[in-house]
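Please open the structure in your viewer and keep the selection tool at hand. The tour moves from the whole chain to individual residues, with a note at each stop on what is found there.

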Amino acid sequence: MLKKEERFVKSQVVSEVLCNICGKKINPEAEDFVHIEKHWGYFSKKDGDYHEADICESCWDSLCGGFKIGPEE
Ligand SMILES: [Zn+2]
């Protein structure tokens with residue numbers, strides 16, 4: 001038999017995101033955005049570096065507009 005009790009666990013949630021391109025505040029509960037993480041590998045000039053960025057939908061659309069080959073859908 002399992003005896004259960006109610007516990008309240010303190011946790012951290014993301015409450016605000018800043019777009020790395022335009023600086024706009026993004027409410028992650030009401031807006032979607034692109035999150036990029038990259039661990040650079042041996043064959044790059046950034047071997048071992050870690051980069052992380054967030055991009056709002058508007059900036060994503062502008063960014064993709066400059067692609068010669070659009071993102072896959
Ligand atoms: Zn933006």
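**Confidence**

Begin by colouring the protein chain by pLDDT, the predictor's confidence in each residue on a scale from 0 to 100: the chain averages 95, and 100% of the residues score at least 70. This is a predicted model, in which local features need pLDDT of at least 70 and side-chain atom pairs count only at pLDDT 80 or more, while totals for chains, interfaces and linings use all residues. Residues are numbered from 1 along each chain as its sequence is written. Confidence is lowest in strand S2 (residues 25-26), at a mean of 96, and highest in strand S4 (residues 50-56), at 98.

**The whole chain**

Next, display the protein chain as a cartoon. It contains 1 helix and 4 strands, where helices (H or I, at least four residues) and strands (E, at least two) are DSSP runs numbered from the N terminus. Their order along the sequence is β-β-β-β-α. The radius of gyration of the protein chain is 19 Å, well over the 11 Å that the globule rule gives for 73 residues, so the chain is more spread out than a compact globule. Here the radius is taken over C-alpha atoms, and the rule is 2.2 Å times the number of residues to the power 0.38. Along its principal axes, the C-alpha trace spans about 60 × 35 × 25 Å.

How much of the protein chain do buried residues make up? They account for 4% of the 73 residues. A residue is buried if 20 or more other C-beta atoms lie within 10 Å of its own, exposed if 12 or fewer, and partly exposed in between, with C-beta atoms placed from the backbone.

Now select Phe-33, which lies in strand S3. Its bridge partner in S4 is Cys-56. Phe-33 is partly exposed, with 18 other C-beta atoms within 10 Å. Leaving aside residues up to four places away in sequence, Phe-33 touches Val-17, Ile-26, Asp-54, Ile-55, Cys-56 and Glu-57; contact requires that the C-beta atoms of two residues, placed from the backbone, lie within 7 Å. For a distance to draw, take Phe-33 to Gly-66: they are 33 residues apart in sequence and 18 Å apart in space, C-alpha to C-alpha.

**The loops**

Move to Asn-27, in the loop between S2 and S3. Is this residue buried or exposed? Asn-27 is exposed, with 10 other C-beta atoms within 10 Å.

Then select Asp-49, in the loop between S3 and S4. Asp-49 counts as exposed, with 11 C-beta neighbours inside 10 Å. Asp-49 and Gly-65 are 16 residues apart in sequence, and their C-alpha atoms are 28 Å apart in space.

**After the helix**

Finally, select Lys-68, in the segment after helix H1 (57-65). Lys-68 counts as exposed, having 4 C-beta neighbours inside 10 Å. A line from the C-alpha of Lys-68 to that of Ala-30, 38 residues away along the chain, covers 31 Å.

Note on methods
Two strands pair if DSSP finds at least two bridges between them.
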